[in-house]
Amino acid sequence: MTAMIRSTAIVPQLHIDNLSCRYERPHLFSGRRNKTPPAVDDVSFAVGAGETLALVGESGSGKSTIARTIAGLFPAAAGRLRYGGHDLTLPVERRAAELRRLIQIIFQNPDASLNRRHRIGSIIARPLRLFFGLSDADSRQEVASLLEAVRLPTDYAERFPSEISGGERQRVAIARALAARPSLLLCDEIVSALDVSAQATILELLRSIQTQTRLSMLFITHDLAVVRWFADRVAVLYRGHLCEVGPVERVFAPPYHPYTSLLLEAVPVFGRRREAAGDAASPAVTSSPPTTGCAFASQCRHRIDGLCRSAEPPWRQVAPGHAIRCHLEASDLNRITGRAATGARLQVAAAQKS
Amino acid sequence: MTAAAHDLMTVASLTVDYRQQGQWHSVIRDLSLAVRRGEILGLAGESGCGKSTLASVLLGERRGERRLRAGSVQFDGIDLSTLRARELRRLRGVRLALVPQNGGASLTPTLRIGSLFAETLRAHRPHMNKAELAAEARRQLSQVGLPDPTGALARFPHQFSGGQQQRIALALALCRMPDLLILDEPTTGQDAMTRRGIIDLLIRLRLSSRMSMLYVSHDLATLSEICDRIAIMHAGEIVEIGQMEDVLLRPRHPYTRALVASIPRLEAPPDPALLPASRRTPERITA
């Protein structure tokens, strides 16, 4: 399965093999650890140089946990993580400075990730001092050019985070990440809180930086409309389980994993009012995922009784580099999910373009 | 029908100022707007354009650092500025309701969900006994798609995720069956499935009741799914208002056009500069 996902033209740099993560707290009194279901369960993928892999899924699907594990902020319970020749299973404080420099993470909320008592200039200068040993005087010029790179006026260096808008703060967070000259950027819902014009500015900015530097990105989001145009490849995560991986063009076209199909249907169609609510609410998500069978079985409209709840679904390669983890065969998925409204919608769009 | 008869809430030539470091700055300028009976009106604009201030003024909220310099806000013929605090509270509790932007923060952290509902429901349905109150709360919670409503009643707000807190806040507003529901960014930051659930619920309400809604959001795609009309706000003014299809598909104001153009859409490719290098050649989809 891992080999399949890596069969892209680009040489992969980040390798995640069979990663599992678990949040478990020892009981307050007994000290016993209760067995919680893993937040990330046997996830494998790779990100190539200069490539953008989008990781999509609902809140609680384990997207952020994966990013935090790669950044060394959360321990992996099992699995192998490598970046180039570096082992990523080490926590961030035990990683070599070079590795810490190469992988940078940007969080959703810049209000929480920027120190509000520091001026923007000193926020951006910190990685310059840390990784390149630049003095304050030397870093001034570099800070100015980083501010220019994220299209902020250079006099913003003197301001405090509270004195600028949310979109501008997110650009400061990006400038700080870029100051380390990373080769892999972990972007955790970085545009979700911003309004559309600020979103467009930031996406365009990241794209132009990527074109210049061959930066790799793990782009975590729940906004499929952004993924559709911004990513090279996409991995769909459902409650800690990967269910579909492939190039964006493939994943956004039939056959779909039943969950991907559901996610795509949930994206609003711009300019079309819905006159009816969806076909009843999907069955309520139970608080813990099933321990056997397919993680998505309880919500799946195409579940095969007696199979999906008991047996782990196999990975099926449906096209080069495109894999779906489902008991249903590609031809069945094509027939069942390909007719879904979204499939038709995207194909019409594709036909109009060509 | 006269304007007054089919308008539930009317804002006429409203100017609102905020005081900052001793100086008054206007954040809403000469704004006129009406929410019609039974309609869902979308109010869109970027952060800082005054949307949330307008929502707060429509609720009759009064704050020291803010003043209504000119104009009026009328709800069903009642000028909100003439009401005493107690009358305003009664109006807000029964006929006017708000789901605030950060719904979770509006839930009293020390009260269990069951008590929050009991408090709200008792004000509106004084005849209900304990069992009826609990049953009604469960009904409302399952209506907003919260898993395990019975268990939820015994839990505290912090035991729910942000999206669930938002839905609880919505359920609390809905159990009053207000004439006008003001929703301030109810789906922002929520993932696609949660957003779908909230939108489905609002559509069902729209079909089954005559509740009017003012839906404040910067997410034009979501607004287009449920709104009858849309108003676009920019720098404290309404720059364009009309039927949803007219405003979003045939925008006339340059600001609306720019806003519409910047929306990421599943169907339509954006500026080619946004595409990754590997995808700048024409895309071919083989089914």
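This note goes through chain B of a predicted model, point by point.

1. Confidence. Since the model is predicted, its scores deserve a look before anything else. The mean pLDDT of chain B is 87, and 96% of the residues reach at least 70. For the complex, the predictor reports an ipTM of 0.76 together with a pTM of 0.84.

2. Within chain B, strand β10 (residues 237-243) has the highest confidence, at 97, whereas helix α1 (residues 3-6) has the lowest, at a mean of 69. Residues 283-287 of chain B should be read with care, as their pLDDT stays under 50, and the model gives them 12 contacts beyond four places in sequence.

3. Overall form. Chain B contains 11 helices and 10 strands. Its radius of gyration is 21 Å, close to the 19 Å that the globule rule gives for 287 residues, so chain B is as compact as a globular protein of that length. Taken along the principal axes, the box filled by the C-alpha atoms of chain B is roughly 65 × 50 × 45 Å.

4. Packing. Of the 287 residues in chain B, 44% are buried. When contacts between residues at least 6 apart in sequence are considered, 67% of those in chain B join residues at least 24 apart.

5. Domains. The domain assignment divides chain B into domain 1, made of 1-95 + 180-263, and domain 2, which covers 103-177. The C-alpha centres of domain 1 and domain 2 of chain B are 25 Å apart.

6. The contact between the domains. In chain B, nine residues of domain 1 are in contact with 11 residues of domain 2. On the domain 1 side of this contact, the elements that supply two or more residues are α3 (85-94) and α8 (192-208) of chain B, and α8(B) gives the most, with four residues.

7. A four-stranded sheet. Chain B has an open sheet of four strands in the order β2-β1-β4-β5, with antiparallel pairing. Its edge strands are β2 (23-36) and β5 (78-79) of chain B, each of which pairs on one side only.

8. The β1-β2 pairing. Strand β1 (residues 7-20) of chain B runs antiparallel to β2(B), and 10 bridges join the two.

Notes
Residues numbered from 1 in each chain as written. Chains lettered and ligands numbered in written order. Predicted model: local features only at pLDDT ≥ 70, side-chain atom pairs only at ≥ 80, totals over all residues. Rg over C-alpha atoms; globule rule 2.2 N^0.38 Å. Buried ≥ 20, exposed ≤ 12 C-beta atoms within 10 Å, placed from the backbone. Contact = placed C-beta atoms within 7 Å. Domains from an automatic or database assignment. Pairing = 2+ DSSP bridges. pLDDT = per-residue confidence, 0-100.
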